[in-house]
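Dear colleague,

I am passing on the structure below, and after it you will find an account of what was found when it was examined. Please read the two side by side.

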Amino acid sequence: MGLEGLIVALIIGAIAGWLAGVVVKGGGFGLIGDIVVGIIGAIVAGWLFPTLGWTLGGGWIGSILSAAIGAIIVLVIIKLIKRA
């Protein structure tokens, strides 16, 4: 992955993590935490969606939406673990 790919991944991760933090109240972790959650969410979505046969399309919007959904899943799991 080149520098441009890394920058794109960070931007998509930041947006997806922020969106997930907005949807899951109290789930935001600041800029760096949102980027990490967004990237982990993208990994989760990249594994889960093809397994279920789902697709959200390509391009920036599809990438952000799938990463955000994956990040929401990650944040919900984190909240459940914190409650236990």
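**Helix packing**

Helices α1 and α2 are roughly perpendicular to each other, a term used for angles of 65 to 115 degrees, where under 35 counts as roughly parallel, over 145 as roughly antiparallel and the rest as oblique. Please bear in mind that this is a predicted model, in which local features need pLDDT of at least 70 and side-chain atom pairs count only at pLDDT 80 or more, while totals for chains, interfaces and linings use all residues. Residues are numbered from 1 along each chain as its sequence is written, and side-chain values use heavy atoms, with hydrogens and water left out.

Two packed helices are described by the angle between their axes and the distance between the axes. For helix α1 (residues 3-23) and α2 the angle is about 100°, and the axes are 7 Å apart. The axes are lines fitted to C-alpha atoms, for helices over the stretch in contact, and the angles run from 0 to 180 degrees between N-to-C directions. The helices themselves are DSSP runs (H or I, at least four residues; strands are E, at least two), numbered from the N terminus. On the α1 side the contact is made by A9, L10, G13, A14, A16, G17 and W18, and on the α2 side by L31, D34, I35, G38 and I39, where contact means heavy atoms within 4.5 Å. By class, the residues of this contact of α1 with α2 divide into eight nonpolar, three polar and one charged; here Ala, Val, Leu, Ile, Met, Phe, Trp, Tyr, Cys and Pro count as nonpolar, Asp, Glu, Lys and Arg as charged, and the others, Gly among them, as polar.

G13, in helix α1, is buried, with a relative accessible area of 2%. Buried means under 20% relative accessible area, exposed over 50%, and partly exposed in between (1.4 Å probe, protein chains only). Not counting residues up to four places away in sequence, G13 touches D34, I35, G38 and I39.

Helix α2 (residues 30-52) also packs against helix α3 (residues 59-83), at an angle of about 105° and with the axes 6 Å apart, and α2 and α3 are therefore roughly perpendicular to each other. From α2, the residues V37, G38, I40, G41, A42, V44, A45, L48 and F49 meet S66, A67, I69, G70, A71, I73, V74 and L75 of α3. This contact of α2 with α3 has 13 nonpolar, four polar and no charged residues.

A20 lies in helix α1 and is buried, with a relative accessible area of 0%. Leaving aside neighbours within four places in sequence, A20 is in contact with A68, A71, I72 and L75; the C-alpha atoms of A20 and L75 are separated by 7.4 Å, although these residues are 55 residues apart along the chain.

I72, which lies in helix α3, is partly exposed, with a relative accessible area of 23%, and beyond its neighbours within four places in sequence I72 is in contact with A20, V23 and V24. I64 is likewise found in helix α3, and at 12% relative accessibility I64 counts as buried. Outside four places in sequence, the contacts of I64 are I12, I15, A16 and L19.

**The largest pocket**

Rolling a probe the size of a water molecule over the atoms shows where empty space is left. A pocket is here, on a 1 Å grid over the protein atoms alone, an open set of points with protein on both sides within 12 Å along at least five of seven lines, where a cavity is a set of points at which a 1.4 Å probe fits but cannot get out; lining residues have an atom within 4 Å of a point.

About 150 Å³ of space lies in the largest pocket, the volume being the space filled by probe spheres set on the points, which are joined across faces, edges and corners. The lining of the largest pocket consists of I12, A42, F49, W54, T55, L56, G57, G62, S63, S66 and A67, and the elements that give two or more residues to this lining are α2 and α3. Of these, α3 gives the most, with four residues. The lining residues divide into six nonpolar, five polar and no charged.

S66, one of the lining residues, is found in helix α3 and counts as buried at 18% relative accessibility. Apart from neighbours within four places in sequence, S66 is in contact with G41, A45, F49 and L56.

With kind regards
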